[in-house]
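My entries follow in the order I made them.

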Amino acid sequence: MIDAAGQALGALDETFAYAMADAAGDPSLEAAVQLRIAWKHNLSDGDPVRSRDAAARAGALAALGGDQVAEAMALTVRARMGRILGDPGAEAILAEALALPAPEVPLGMRNAPQYLAVRHALFDDRLDDARKQLMVLLPAVQRTGSAEDVFEVLRSLTEVELRSGRCTAASARARQALELTIEAGLSPGPAWYVAAMAEATGGSFGRAAGYARRGIQASHEEHDQVFLSRSLHALGLVELATGEAAKAVATLRRVAELEAAQKVVDPSILRWHGELAEALVAADATDEAARLLDSVRSVARGLGRTGVVAALDRARGLCLSAQGEADAAVQLLEATAQRFETLRLPLERGRTLLALARVERRRRRRAPARVALLAAAEVFERAGATPWTELAREPAAGDGGRTEAATAAALTEAETRLALLVSQGASNQEAAAKLFLSVKTVEARLTRIYQKLDVRSRAQLATALATALRATR
């Protein structure tokens, strides 16, 4: 009954109590129940500490009952929760689990040690290793595993292909996962998340947002805290990419709150931190972005998460640019793009080149901006990242200027309000009074608006803004 509930374990407290009573006196059965209690603490309660402790009890009971498969699974849950909590000993616990004899496809692939080894390879950006192991597991679970096991392997394959820059292959795996979910009646939240990420990279931002919202709703209904965070992250990524900075900040702050409530320490598992920082910069909250980057960077460096550090540096480059340190921003972004190439993360490199183009354009260096944009478009096109390719090509108009629609999207909500006031004849002092800002803040924000719209006077601003707004209607 518990296993049939899928992700919806939050309403089964009474069932768990009956199961514990029935299992009393049989260590192997008690271990099986404790394992499922550990899953429930993670999925529904969002509490990896209690999950880890329940898994430790399950492991002790399994050892007492001589059930090495259950013991390996309990160690795997402990290692999974240890990774979430930033425990350096998690790898040693996983190695202990892998050393135990286990069937080729144990019950519950997500709690099998060989599958967690794949997930750790993915988190560490050892993508070739992860893919090779998954291609061994896939035929095995298709022959003898449950639908949930097959879905887990397809989900990880989708994520590996996306990070490797193979968007067409990722989309095919995501479709398989979604079709399997519908056919087998699995919990829909994880499948909508996988579909959203595949669309956000290789399909359509619009469809990605729709899938992410479905994932959010499904995870809410099943009290699945883990995939609620993931679907929110997918939605926030789309909002950031499409220029909806304020929405992206609100969405990604929800992810931050959920991750904090779930005591997640390791930033490599769900990489929302750099995206939230980029959204904060776009929404004129540069100081908050800088604080977030400083706090996460120290954790990522301490844990040796080089891919995460590089993503944080991309956001840091945009932050430096917003703080007026354009030369330092360009230098950092160029170095970060090179690091992503070394790490063989092409889509991350393409996003960094997009950021570099924005910074170069902001300081009116059109030729370097165009070079960066063309390089980004080439990276995205080679990866099959359709919406990102369009994003990289959209600003190219004749001399490298923005199209009218892209110009409108370039302004944050706060910048748009100020631009409207100034274009209607308000002085800096009058705009400051109406917006409850200092004159100095108005002047700085107006400088950024001029740079984004490539204008030099209030008259040009009025014309550019009117044209941009007409293009969005």
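I began with contacts along the chain, where contact means heavy atoms within 4.5 Å. Among contacts between residues at least 6 apart in sequence, 62% join residues at least 24 apart. I note that this is a predicted model, in which local features need pLDDT of at least 70, side-chain atom pairs count only at pLDDT 80 or more, and totals for chains, interfaces and linings use all residues. Residues are numbered from 1 along each chain as its sequence is written, and side-chain values use heavy atoms, with hydrogens and water left out.

Overall fold. I found 25 helices and zero strands; helices (H or I, at least four residues) and strands (E, at least two) are DSSP runs, numbered from the N terminus. The C-alpha trace spans about 85 × 45 × 40 Å along its principal axes. Of the 473 residues, 55% count as buried. Buried means under 20% relative accessible area, exposed over 50%, and partly exposed in between (1.4 Å probe, protein chains only).

Pair H6 and H7. I looked up helix H6 (residues 113-123) against helix H7 (residues 127-144), and they pack at an angle of about 150 degrees with their axes 8 Å apart. Axes are lines fitted to C-alpha atoms, for helices over the stretch in contact, and angles run from 0 to 180 degrees between N-to-C directions. H6 is therefore roughly antiparallel to H7; angles under 35 degrees count as roughly parallel, over 145 as roughly antiparallel, 65 to 115 as roughly perpendicular and the rest as oblique. The residues of this contact divide into nine nonpolar, two polar and no charged. Here Ala, Val, Leu, Ile, Met, Phe, Trp, Tyr, Cys and Pro count as nonpolar, Asp, Glu, Lys and Arg as charged, and the others, Gly among them, as polar.

Pair H10 and H11. Helix H10 (residues 188-202) and helix H11 (residues 205-221) pack at about 160 degrees, with axes 8 Å apart. H10 and H11 are therefore roughly antiparallel. The contact residues include Trp 192 and Glu 199 of H10 and Tyr 211 and Arg 214 of H11. I sorted the contact into 10 nonpolar, three polar and three charged residues.

Pair H16 and H17. The axes of helix H16 (residues 306-322) and helix H17 (residues 326-342) come within 8 Å and cross at roughly 160 degrees. This makes H16 roughly antiparallel to H17. Among the residues making the contact are Asp 313 and Arg 316 of H16 and Arg 339 and Phe 340 of H17.

Loop residues. I checked phi next. Most residues other than glycine have a negative phi. His 223 has a positive phi, near 55 degrees, and sits in the loop between H11 and helix H12 (225-241). His 223 is partly exposed, at 46% relative accessible area. Arg 344 also has a positive phi, near 60 degrees, and lies in the loop between H17 and helix H18 (346-362). Arg 344 counts as exposed, at 56% relative accessibility.

Last, Ala 444. I located Ala 444 in helix H24 (residues 439-453). From Ala 444 to Gly 324 I read 9.8 Å, C-alpha to C-alpha, with the two 120 residues apart in sequence.
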